[in-house]
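Subject: Structure handover

Hello,

Here is the structure I said I would pass on. Please open it beside this email while you read the notes.

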Amino acid sequence: MMDCCSFDRRAVQSGFRGGQESCRHEWDLYFRALCSLYPTLSTQMGYDRDNGTIEQWGQELMDGERRLLRHYIVKTTPGQKSCLETRVFHQHLKTRLGCMGVDRIGLFHKDGGWCVQLIDTLTHYQPYDSHSNMELARERLSKLPTAIRRYTDFLRLQAAEHLPSLRIVGAMRDSLRSALGRVRLELIPADLRESFQVSCLEPVESTLLTFLGGVECRETIGLSGLDASFYESAVYRHVTIDGVSVGDIHAFGVKEVSRLEAALDALPCVIDSGRDYRGEAAVDKYKEIVDAAQVHPHLSHLFGDLRPSRSCSVAEMPERHRAGGPLAYYSDSTFYVNTDLRHPEHQMEALAFHEAVPGHHTQRRIERDVCPGYAYRYHVHHTAFIEGWAMYTESLMPTALPAAQYGVLESELFRAVRLVVDTGVHKRGWTYDEALAYMKAHARITEEECSNEVLRYACDPGQALGYHVGRTVFRDIVRWHASDLVGLHKKILQRGSLPMNVMIRLFAKRPQGC
Ligand SMILES: [Zn+2]
């Protein structure tokens, strides 16, 4: 405790005057690190801005977040909780800075990162249905070819440094083609259509495809042939636990897979595959589960009177995210369901608890409600915390569907398989086929889902490890505090998302707080 308090005392003694300079320096470092770590963060924030350049978006993001963080430091340093929170902030900063540059590999994401977002934002969402609207949009659209050229110049530099994977570049090409295919030309007034195509769409398409056709690639899908520290840093960033090696995670995964397979085999249960949901019926079923969960009396045994300020809704996933996309995701108080995929009934409760209540919605919404001073945390994703929490909550609620227990265990097994495959691909040099074969043998999902998963791990090294590792930490913390579950859950949710090494220190050694 002494080390965190010494910083605090210094800051307080100097009336925060002297401390301010060094804090400013830290903010600058922090934000430079953030922006290079999270190319998609700017896009998230600038998503509904349609007339700025990428650089302007980045600058606005940095300015906005810097203001929030300044508010956070000034507000919390002199207060009662300050030594704890300052320590947390420092840890956070160290974690971030220690991993600079890793996410650059994510630029070769199969979804094309900024590129597809730009095309989507500048084309799909524009109102082209009248001449006056089209005139307004014309100015923005005229910037698209230049923005894309800058983007490919940037990618070219990155490609020279880290050879992208051939398979990912192929997936990126497919994804770009389908993004361009979604532009709804029929909405553009007929006499403007040709000029739109010639001055905007064609240059964009040819710049991107020429780039992707000429880029030098590697044959492997993982990072094992490249600088080993890339993967280790990526793992640390997502898992955020000190002293856990990639080898430890692989071995833990292998052990967990066999434990969970044995547990599933021991369940006297027959799964009725006729009870799969798809399309609108899946959305309706999830609505029913989520609506019931949100008012379930069991919530007061978990969280006392703490509830998110808004309820969670359920909606169909937008078309552009469905092909090659996950079964579901959560964003901004909505649980989005991929209606193209099949949803086995016995897994639906676990997924709904994970995405909505008491999982992502409960955690993310309360973080926003209760911690306005920590708003930056909302935009910095600590994978193991966010996904670990959601996964931990999959088994917290009473279930109503047949074989739901089976669904919870399958979901756990699937996340344990990720530990083996992600580390297999990136550390042990597994090929795509080897990774696919392991998934097919153990993950209990379809071949198409297995293939999507392997590509996902290839594109986002280490991310898939956060789920099972985070959930394991949450279960340990709960074991240490079993006598006051409501108090523990409230503390966790009200503090907001934190790196796991910070969580372990907060809850293992000082259960009463700082
Ligand atoms: Zn999740």
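How many residues lie between β3 and β4 in their hairpin, and which residue in the turn has a positive phi? There are two residues between the strands, and Asp-332 has the positive phi, about 45°.

Before the rest, two remarks on the source. The model is predicted: local features need pLDDT of at least 70, side-chain atom pairs count only at pLDDT 80 or more, and totals for chains, interfaces and linings use all residues. Residues are numbered from 1 along each chain as its sequence is written.

The whole protein

The protein has 25 helices and five strands. Helices (H or I, at least four residues) and strands (E, at least two) are DSSP runs, numbered from the N terminus. Of the 514 residues, 41% count as buried; that term applies if 20 or more other C-beta atoms, placed from the backbone, lie within 10 Å of a residue's own, with 12 or fewer for exposed and partly exposed in between. Among contacts (C-beta atoms, placed from the backbone, within 7 Å) between residues at least 6 apart in sequence, 81% join residues at least 24 apart.

The sheet

Strands β2, β4 and β3 form an open sheet in the order β2-β4-β3, with mixed pairing. Two strands pair if DSSP finds at least two bridges between them. The edge strands are β2 (313-316) and β3, each of which pairs on one side only. From one strand to the next the twist averages 25°.

β3 (residues 328-331) and β4 (residues 334-337) run antiparallel and are joined by four bridges. Tyr-330 stands opposite Phe-335, and Tyr-329 stands opposite Tyr-336. β2 and β4 run parallel, also with four bridges; here Glu-316 stands opposite Val-337.

In a regular strand the side chains alternate between the two faces of the sheet. In β3, Ala-328 and Tyr-330 make up the covered face, while Tyr-329 and Ser-331 make up the uncovered one.

Helix α11

Helix α11 has twelve residues (228-239), so at 1.5 Å a residue it should span 16 Å; its end C-alpha atoms are 17 Å apart, which agrees. The expected span is 1.5 Å times one less than the number of residues. Among the buried residues of α11 are Phe-230, Tyr-231 and Arg-237. Thr-240 follows α11 and has a positive phi, near 50°.

Helices α16 and α20

The axes of α16 (residues 345-355) and α20 (residues 404-426) come within 7 Å and cross at roughly 65°. Axes are lines fitted to C-alpha atoms, for helices over the stretch in contact, and angles run from 0 to 180 degrees between N-to-C directions. His-346, Gln-347, Glu-349 and Ala-350 in α16 meet residues of α20 including Tyr-406 and Glu-410.

Regards

Notes: Two residues are in contact if their C-beta atoms, placed from the backbone, lie within 7 Å.
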